[in-house]
Amino acid sequence: MAQVVATRSIQSSFSSPSHGSLQSQVEKLKPPSLASKVLGRNERSNSCRAVRVNMPQIIARRSTRAEPQVLPVSPEDVPKSEEQEQYLQAIQQLGDTSVGMWSKPTVRRKTKIVCTIGPSTNTREMIWKLAEAGMNVARMNMSHGDHASHQKVIDLVKEYNAQSKDNVIAIMLDTKGPEVRSGDLPQPIMLKPGQEFTFTIQRGVGTADCVSVNYDDFVNDVEVGDMLLVDGGMMSLQVKSKTEESVKCEVIDGGELKSRRHLNVRGKSATLPSITEKDWDDIKFGVDNNIDFYAVSFVKDAAVVHELKNYLKSCGADIHVIVKIESADSIPNLHSIITASDGAMVARGDLGAELPIEEVPLLQEEIINICRSMGKAVIVATNMLESMIVHPTPTRAEVSDIAIAVREGADAVMLSGETAHGKFPLKAVKVMHTVSLRTEATIVGGETPTNLGQAFKNHMSEMFAFHATMMSNTLGTSIVVFTRTGFMAILLSHYRPSGTIFAFTNDKKIQQRLASYQGVCPIYMEFLDCAEETFTSALSLLQKQGMVKEGEQVALVQSGRQPIWRLQSTHNIQVRKV
Ligand SMILES: Nc1ncnc2c1ncn2[C@@H]1O[C@H](COP(=O)(O)OP(=O)(O)OP(=O)(O)O)[C@@H](O)[C@H]1O
Ligand SMILES: CC(=O)C(=O)O
């Protein structure tokens, strides 16, 4: 009889003695479908014992006729099981030292979810459902659609935000950038390995052995011997010769070439400006709509970020700039590019086409570390649940990929085609939510926060954020912060306290922006003239909404670049009992 023996060690989130009772609570709450189907009676009691003595081994046995394990992944596909909901809540408590528990698990998750909106999701009904399933940021990809279709999405997200009591969605506009694409074809062409195929800069060509390219300098940018990648590497062709107008190639990996496919040259970036004329037009559209973030494609150096920031300043727009790291040329300039920006996106699609694919996980970790050390936001994007574009369940590798991004410390993970044109957008969000929540529960909490390094050197706010995090980690409390600009909440987020950061702001725009930061739960509230009255009213709001319980302690922070109640105090941290 075949037997699968899986061994794993339980992380220290389970090892704290104070978590013993929670662990047994989890065991009690485990729905039979999760516990008894995988573990036999003896193994189950072993695992409970082992959890208490630290570094145990769980032995899972499976018979030859493996029963499919289907975890609930969509609000629609399973009847709501209270047991399973309680099970997830209890798991999360293991990793969350805060006693205060949100009633909604989607809000308790610290890692945020970015969803690309496209034909599968650009309706009122789907935006609402995505938001309720756990979307925190709606991304519009300006490579597709037109201003009218994106306007509809922006209006719907704003409408959702206006009517929602306890949830808010940020809006991100992703520029098309200097993408090089093949032209239109009357029908898809099958490219076979070994065959000759030509790309030409002449317009309007689309035959079985030649197609146009939308970029006039294409012929100058490529050399004989270069490897051309189509659709991020789905097909590859080697350059054999070139003339003034065309590039003759041999197909290495074949496949079906459709209209308007993305072309990359391995190891090279196109000599095009990062922000094209179309991008400037789209950026202006973003300003007119007061969006929250730009994701700027193919950034190669800091100069372009400064140019965009200067433009935004000149039109009085307060929009944050996320640089997409996807171009070979950006790698030597990573530090200066990220320093100039408000955050970065690891855009693994183009990154893995311009650079050897094995560099992608290493660069992902490096970019996350750089952003974390500078106090900048970081998003991991592309292919996270790719198979769910057509299948209702993810591959195990995809689940691991999300878990790795969460463990590495990403602020957010992103869905592209999965929610833009996939068959199971809600299930994909639910999987991302569940995997993130589960992974976060294994991240050790209550430790001394790591120093942010040079980013906030000598800044009073950094000292307050550091000590507020220390205090809340030691006491096992949530943090309540009051912020007009969002600065202090973002700073606290980068110290990654183990409890939730309840960020009260009197500015709806700031509330919307904060939705994308790890661990931050942004709440809109009018600030009163008296600090004390504002604190009391904030705590009572948290209690009313079931986010903190009576008698629970919270760490309350009032600090930042522009203290709110200047006359009464400038900076302070205090522990309050609700
Ligand atoms: N607004 C939209 N309108 C129509 N289709 C969209 C839209 N946004 C995304 N899509 C579809 O979803 C797919 C995945 O979205 P994603 O944002 O990852 O695009 P992408 O990386 O630019 O992909 P590609 O290079 O194929 O364009 C796109 O290829 C496109 O088919
Ligand atoms: C997101 C994106 O643009 C990429 O991965 O290439």
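The shell around ligand 2 comprises 2 nonpolar, 2 polar and 4 charged residues, where Ala, Val, Leu, Ile, Met, Phe, Trp, Tyr, Cys and Pro count as nonpolar, Asp, Glu, Lys and Arg as charged, and the others, Gly among them, as polar. The model is predicted, so that local features require pLDDT of at least 70 and side-chain atom pairs count only at pLDDT 80 or more, whereas totals for chains, interfaces and linings use all residues. Residues are numbered from 1 along each chain as its sequence is written, while chains are lettered from A and ligands numbered from 1 in the order in which they are written. Ligand 2 is surrounded by K324, E326, A347, R348, G349, D350, A381 and T382, a residue being near a molecule if its C-beta atom, placed from the backbone, lies within 6 Å of it. Helix α12 (residues 348–354) contributes the largest share of this shell, 3 residues; helices (H or I, at least four residues) and strands (E, at least two) are DSSP runs, numbered from the N terminus.

Around ligand 1, the shell holds 2 nonpolar, 12 polar and no charged residues, and of these 14 residues G118, H144, G145, S416 and A420 come nearest.

Strands β18 (residues 501–505) and β19 (residues 520–524) run parallel and are joined by 5 bridges, pairing being assigned if DSSP finds at least two bridges between two strands. Between β18 and β19 the chain passes through helix α19 (residues 508–514) in a right-handed β-α-β crossover, that is, with the strands pointing away from the viewer, the path from the first strand over the helix to the second runs clockwise.
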